[in-house]
Amino acid sequence: MRAAINIKTVGIAGAGTMGQGIAISCALAGYDTTLYDVNSVFCEKAITLIQGSLDHSVAKGKLTSAASDKAFHRISTANQFADLKADLIIEAVVENLEVKQKLFLDIERINSGHSILATNTSSIPVSQIAAQLQNPSKCVGLHFFNPAHLMKLVEVISGSQTSVEIVA
């Protein structure tokens with residue numbers, strides 16, 4: 001078996017409820033995380049809500065203040081598509097096949113095929129989303145459950161061409 005893929009950075013497309021929860025989860029796990037949305041107002045709102053969620057976890061005793069601060073500072077926002085570059089990019093956008101396919105094609109292009117592309121969908125087959133990609137073996141499903149930062153469950157879904165290394 002090949003060496004594990006080294007993921008240091010995570011990008012999340014979509015700053016809604018799921019994107020925010022996934023960003024918190026990734027930041028708490030130690031990853032530098034970029035939360036992207038086309039609308040800068042959504043990014044600003046997301047950061048405010050993320051801070052509130054982390055503060056709430058501290059107040060409940062589920063997270064230390066130091067861990068909260070560390071996680072918060074690992075999260076940045078972007079509303080320029082060119083900034084959506086990372087080792088792992090998770091989409092949390094509208095449940096529409098065409099939107100997801102176009103997004104992944106564009107992400108694949110700006111990341112030169114480097115990134116693992118993950119969809120948070122629970123209703124569209126990964127193989128359909130990956131069908132138009134140059135490298136569909138790097139596309140996987142990572143279905144987070146809501147609220148993503150509180151639920152300790154992530155479903156990993158292979159597409160028909162997803163490589164074993166990507167799933168691992």
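In the predicted model examined here, the side chains of Asp87 and His114 form a polar contact of 2.7 Å, a polar contact being a pair of N or O atoms within 3.5 Å in which, within protein, one atom must be able to donate a hydrogen and the other to accept it, with residues adjacent in sequence counted only if both atoms are side-chain atoms. Residues are numbered from 1 along each chain as its sequence is written, and side-chain values use heavy atoms, with hydrogens and water left out. Because the model is predicted, local features need pLDDT of at least 70 and side-chain atom pairs count only at pLDDT 80 or more, whereas totals for chains, interfaces and linings use all residues.

Asp87 is placed in the loop between β3 (75–78) and β4, where helices (H or I, at least four residues) and strands (E, at least two) are DSSP runs numbered from the N terminus. With a relative accessibility of 15%, Asp87 counts as buried, the classes being buried at under 20% relative accessible area, exposed at over 50% and partly exposed in between, for a 1.4 Å probe and protein chains only. Beyond its neighbours within four places in sequence, Asp87 is in contact (heavy atoms within 4.5 Å) with Asn6, Ile7, Lys8, Thr9, His114, Ser115 and Ile116. Asp87 and Ala59, although 28 residues apart in sequence, are separated by 33 Å from C-alpha to C-alpha.

The largest nonpolar core comprises 27 residues, of which Ile22, Leu35, Ile50, Leu88, Ile90, Leu142 and Phe144 touch the most other members; such a core is a set of buried Ala, Val, Leu, Ile, Met, Phe, Trp, Tyr and Cys residues joined through side-chain atoms within 4.5 Å. Two or more residues of this core come from each of β1 (9–13), α1 (17–28), α2 (40–59), α3 (65–74), β4 (88–91), β5 (116–119) and β6 (139–144), and α1, with six residues, gives the most. Apart from this core lies another, of 16 residues, including Ala78, Phe104, Leu117 and Ala130.

A charged residue in helix α4 (residues 97–110), Lys100, is also buried, with a relative accessible area of 1%. A polar atom of the Lys100 side chain lies 3.3 Å from the backbone oxygen of Val93.

A search of the whole structure finds one cavity of 30 Å³ or more; on a 1 Å grid over the protein atoms alone, a cavity is a set of points where a 1.4 Å probe fits but cannot get out, a pocket is an open set with protein on both sides within 12 Å along at least five of seven lines, and lining residues have an atom within 4 Å of a point. The largest cavity holds about 50 Å³ of space and is lined by Glu108, Asn111, Gly113, His114, Ser115, Leu117, Asn135 and Lys138. The second largest pocket contains about 180 Å³, and α4 supplies the largest share of its lining, four residues. Seven nonpolar, one polar and three charged residues make up the lining of this pocket.

Finally, the peptide bond from Asn146 to Pro147 is cis, with omega near -5°, and Pro147 is placed in the loop between β6 and β7 (154–158).

Methods. Points joined across faces, edges and corners; volume = space filled by probe spheres on them.
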